[in-house]
Amino acid sequence: MSDLQQEAKRLDAADPLAGHRAKFALDDATVYLDGNSLGALPAHVPARMADVIGREWGELRIRSWDESGWWTAPERIGDRIAPLVGAAAGRIVVGDSTSVNVFKAVVAAARIAGEGRDEILVDASTFPTDGYIAESAARMTGHRIVPLDPADIPAAANDRTALALVNHVDYRTGRLHDLPGTTAALHAAGALAVWDLCHSAGALPVGLDAHGVDLAIGCTYKYLNGGPGSPAYVYVAERHQSRFDSPLPGWTSHADPFGMEPGYRAADGAVRGRVGTPDILSMLALEAALDVWDGVAIESVRAKSLALTDFFLECVRAYVPEGRVTPITPEAHGERGSQVALACADAPAVMPELIRRGVVGDLRPGLLRFGFTPLYVGFADAERAARVLADVLAGTPAGE
Ligand SMILES: Cc1ncc(COP(=O)(O)O)c(C=O)c1O
């Protein structure tokens with residue numbers, strides 16, 4: 001056993017989160033490093049879904065909207081996500097996709113910012129959907145998009161800035177952006193901060209309330225393990241809730257949804273972020289999946305995430321021949337999310353071979369991307385992934 005394999009063994013034995021892996025449907029033949037794209041299935045979710053489908057839908061049918069708590073699921077599940085992102089209850093509502101929530105948040109923030117502020121600053125390296133939707137929202141509301149490096153947003157905010165839409169963690173590089181500092185600078189300029197938490201929720205502390213974030217959105221199918229296409233969420237700071245003017249004022253966000261009034265009157269609170277009939281099956285799978293967080297402190301997840309990514313980088317440096325890959329994820333802990341991205345000229349050929357050999361990461365243009373999900377990835381997984389990567393790059397046949 002090599003020194004790094006021994007070190008991995010020691011780190012796994014000392015890991016206080018190691019026991020959580022058994023909560024997931026995972027096999028030891030695979031190192032799953034794609035939880036930053038689709039989280040693994042928590043093992044108890046299928047039985048819960050069998051009950052939802054067989055009893056709640058199959059037997060109770062329409063009664064379940066009330067008796068099984070379907071109607072209030074968007075707010076109830078929002079309250080389950082809230083502690084993971086540092087929000088008090090009543091500030092998050094679950095529903096729709098992240099893309100749709102980007103639209104709601106950008107338009108609502110532009111409306112709150114008011115007249116005279118005609119610029120929307122957008123993270124130039126954003127995940128594409130945020131940029132596409134912000135651009136369309138800007139055209140609809142008469143704003144101008146200003147694409148910027150997130151590091152330049154604080155200095156660029158001015159009295160024409162309505163809001164900035166920023167990714168907390170960059171989906172390509174894994175760079176963690178400065179949420180407290182950027183939010184404070186936007187506020188000093190009288191603008192609002194809208195954060196995309198897709199790559200940070202469930203991986204590191206976010207502190208939405210503590211840092212005074214105005215609005216935030218995020219998905220639930222990555223580090224929150226909600227399942228493919230599970231619904232996203234929108235956070236609305238308490239001080240903005242009465243002014244949150246949704247561009248999609250569907251009937252389920254009405255103050256009296258069953259009054260069937262011809263005119264719209266918004267409900268109070270985060271419920272305003274709702275649109276139409278919630279996607280109950282996906283939503284209840286997400287609700288069940290969130291049980292894996294019971295008793296887990298997000299700070300302990302962050303500590304393990306940093307230790308895992310440090311160790312993976314150390315193993316890559318030790319095993320992979322010089323010059324074959326270049327880490328583009330920042331070394332500094334304060335600037336790193338929970339993934340490691342390696343620039344690699346042969347990435348399109350390398351990733352399928354890695355997957356064939358049981359190491360599942362993913363591919364972005366010119367990049368090998370490896371997500372580290374502390375609840376179910378261990379140090380031996382990180383060591384094995386780096387070793388298999390080195391073998392693939394060296395052209396060593398599998399199993400040698
Ligand atoms: C930062 C970010 N925003 C948005 C999305 C996707 O949005 P949607 O859930 O609408 O597909 C992703 C998906 O990976 C993402 O990484």
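Colleague: Which residues form one aromatic cluster?

Modeller: Trp 65, Trp 70, Trp 71, Trp 251 and Phe 258 form it. Keep in mind that this is a predicted model, where local features need pLDDT of at least 70, side-chain atom pairs count only at pLDDT 80 or more, and totals for chains, interfaces and linings use all residues. Residues are numbered from 1 along each chain as its sequence is written, and side-chain values use heavy atoms, with hydrogens and water left out.

Colleague: How many aromatic pairs does the structure hold?

Modeller: Eleven. Rings of Phe, Tyr and Trp (its six-membered ring) pair if their centres lie within 6.5 Å; planes under 30 degrees apart are stacked, over 60 edge-to-face, and the rest tilted.

Colleague: What about Trp 71 and Trp 251?

Modeller: Their ring centres are 5.4 Å apart and their planes are at 50 degrees, so this pair is tilted. Trp 71 sits in the loop between helix H3 (64-67) and helix H4 (73-81), and Trp 251 in the loop between strand E8 (233-236) and helix H9 (280-289), so the pair ties together parts 180 residues apart in sequence. Helices (H or I, at least four residues) and strands (E, at least two) are DSSP runs, numbered from the N terminus.

Colleague: Is Trp 71 buried or exposed?

Modeller: Trp 71 counts as buried, at 19% relative accessibility. Trp 251 is partly exposed, at 35%. Buried means under 20% relative accessible area, exposed over 50%, and partly exposed in between (1.4 Å probe, protein chains only).

Colleague: What lies over the face of Trp 71?

Modeller: Arg 274, at 4.7 Å from the ring centre. The rule is NZ of Lys or CZ of Arg within 6 Å of the ring centre and within 35 degrees of the ring normal.

Colleague: New topic. Which residues are around the ligand?

Modeller: Among them are Ser 97, Phe 127, Asn 167, Asp 196, Tyr 221 and Lys 222. A residue is near if one of its heavy atoms lies within 4 Å. Helix H5 (98-113) and helix H6 (128-141) each supply at least two residues of the shell.

Colleague: Which polar atoms come up to the ligand's nitrogen and oxygen?

Modeller: A polar side-chain atom of Asp 196 lies 2.8 Å from a ligand nitrogen. A ligand oxygen is 2.6 Å from an N or O atom in the side chain of Tyr 221. For Lys 222, a side-chain N or O atom is also 2.6 Å from a ligand oxygen.

Key
Polar contact = N/O pair within 3.5 Å; in protein donor to acceptor, adjacent residues only side chain to side chain.
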